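Please read them with the coordinates open.

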Amino acid sequence: MLFTESLKKNHQFRFVYNRGRSIANRYLVMYVVKNSLDINRIGYSVSKKVGNSVVRSRVTRLLRESYRLNEHMLESGFDIVVVARAAMKDASYADAEHSLKHLLKKHRLLKEQKDVYA
RNA sequence: CAAGUCAAUCGGACAGUCGCACACGCAAGUGUGAGGAAAGUCCGUGCUCCGCAGAGCAGGAUGCCGGAUAACGUCCGGUGGAGGCGACUCUAAGGAUAGUGCAACAGAAAUAAACCGCCCGUUUUACGGGUAAGGGUGGAAAGGCAGUGUAAAAGACUACCGGUUUCCCGGCGACGGGAGAUGCUCUGUAAACCCCAUCCGGAGCAAGGCGGGAAGGCAAUACGGGGCUGCUCGCUCCGCCUCAAAGCGCCGCUUGAGAUUGUCGGUGACGAUAAUACCAGAUAGAUGACUGUCUAAACAGAACACGGCUUACGGAUUGGCUUGCAUU
RNA sequence: GGAGUAGUACUCAAGUGGCUGAAGAGGCUCCCCUGCUAAGGGAGUAGGUCGUGAAAGCGGCGCGAGAGUUCAAAUCUCUCCUACUCCG
């Protein structure tokens, strides 16, 4: 991770839920709020509705991998919470990455969006 | 070859690129990295705290015999019973003359017998007596069946089967076998209370321990509040509130009733011994993504550890045995 | 991770071995009240599913699921499933 830490505590998550803007698509819900740091902090939330522990663990890894491979084109200084919806349990990596990038773009977190889509 | 039965093993593989956690290392890097059920939390242990793990009552668990084990409700080997042609499988399987309770409906009657029937008698459309062979009810109706016998019947008598019991033999034992005796009036239920035998103190790693700041307010040595504890006894702990949030860091945490390979003992569960290596340890929680090839792939993810049980699971392989058919 | 509680008609629920397919309430239908409705009062029926039948009715299965004990199970025992609560 270049400039990203993870959200750890319950009060941090609740701060993002209360203050952040949310945008959703079929697979994910993304909450974003500005922090006063020069790094990003991201947390993943996968509830029991998505599936058993194997499925939840796989969903978390897919999201983490998608973020890792796309981190170089992101702005910094935000707290992000990504909530997986029930449809994620059948998703592939391509679905996860496409869905995550879609929401990042709608939140205008992509850096210099013109050279991203080359 | 077909059908069946029992047991064991595997639990995607290989290559490349990019990543994650831990250990070692100045660094580059190297090494290791989820399961047969990691699951359910149903049992049993270790470990930690409750003073020592205490006394009594209550409560709970187990329940054919012998063994294995740290222990078990588990496992192994047997016994009895049930099922199957068989290999084999299943079995909460102590006590119902220690006591108490319950047994609806039906039925004449449910632990106690005469409703119908049969036979005899009389004062003959009825009454009295005898009778459990027959009918019917019921889950269960007075050992079964055949004969003798009788007014009609009845273990009243006899043979066979079943039961109970005494002795002998075999076995550590459950129990088995044999010989004899006894005509046998004894319902079911203990996963109803209970009796007998054996065992169980409670809580759980969010156990528990260590470290760390300054300030303010209130109370005062006995009341009170807790803990072991469901009750009694007994023992034992404690100033409270605010900043302060079930907050932070570290330990517990992984070398173990362990693993692999071999030898020996044992029918077996298992035990003994030698050698070898160290083989997950996170703390919002690490094993993933992409590409290619291959018959395409299930159930499912460690959180203190271990022994079992139960439940879920696509498919593949191996071996033993049984029955049937064919061939030699 | 650990400890516990519950599951019965559409909903809330009583029933803890036998005449209980299951009390009761909401709900549903009809009547009264009102100009009409709501509220209120009174009466009543069926209760799920399968089979049969024109219907009434009759029979089987059904108290989260599956086994077991018992003559008999919503009730007792065991194993699973689902939902919920608690932990310093």
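This is a predicted model: local features need pLDDT of at least 70, side-chain atom pairs count only at pLDDT 80 or more; totals for chains, interfaces and linings use all residues.

The points below go from overall fold to core to RNA surface.

1. Chain A has four helices and five strands. Read from the N terminus, the order is β-α-β-β-β-α-β-α-α.

2. Overall dimensions. The radius of gyration of chain A is 14 Å; a compact globule of 118 residues would have one near 13 Å, so the two agree. The C-alpha trace spans about 35 × 35 × 25 Å along its principal axes. Of the 118 residues, 25% count as buried.

3. Contact range. Take the contacts in chain A between residues at least 6 apart in sequence: 82% of them join residues at least 24 apart.

4. Nonpolar core. The largest nonpolar core holds 25 residues. Leu28, Met30, Leu63, Ile80, Val82 and Leu100 touch the most other members. At least two residues each come from β3 (28–34), β4 (40–45), α2, β5 (78–84) and α3 (93–106). The most come from β5, which gives five. In soluble globular proteins, nonpolar side chains tend to be buried together.

5. A closer look at Val82. Which residues does Val82 contact, leaving aside neighbours within four places in sequence? They are Leu28, Met30, Ile42, Tyr44 and Leu63.

6. Surface near RNA strand B. By class, the surface near RNA strand B has six polar, five charged and three nonpolar residues.

Note on methods: Residues are numbered from 1 along each chain as its sequence is written. Chains are lettered from A and ligands numbered from 1 in the order in which they are written. Ala, Val, Leu, Ile, Met, Phe, Trp, Tyr, Cys and Pro count as nonpolar, Asp, Glu, Lys and Arg as charged, and the others, Gly among them, as polar. A nonpolar core is a set of buried Ala, Val, Leu, Ile, Met, Phe, Trp, Tyr and Cys residues joined through C-beta atoms within 7 Å. A residue is buried if 20 or more other C-beta atoms lie within 10 Å of its own, exposed if 12 or fewer, and partly exposed in between; C-beta atoms are placed from the backbone. Two residues are in contact if their C-beta atoms, placed from the backbone, lie within 7 Å. The radius of gyration is taken over C-alpha atoms; the globule rule is 2.2 Å times the number of residues to the power 0.38.
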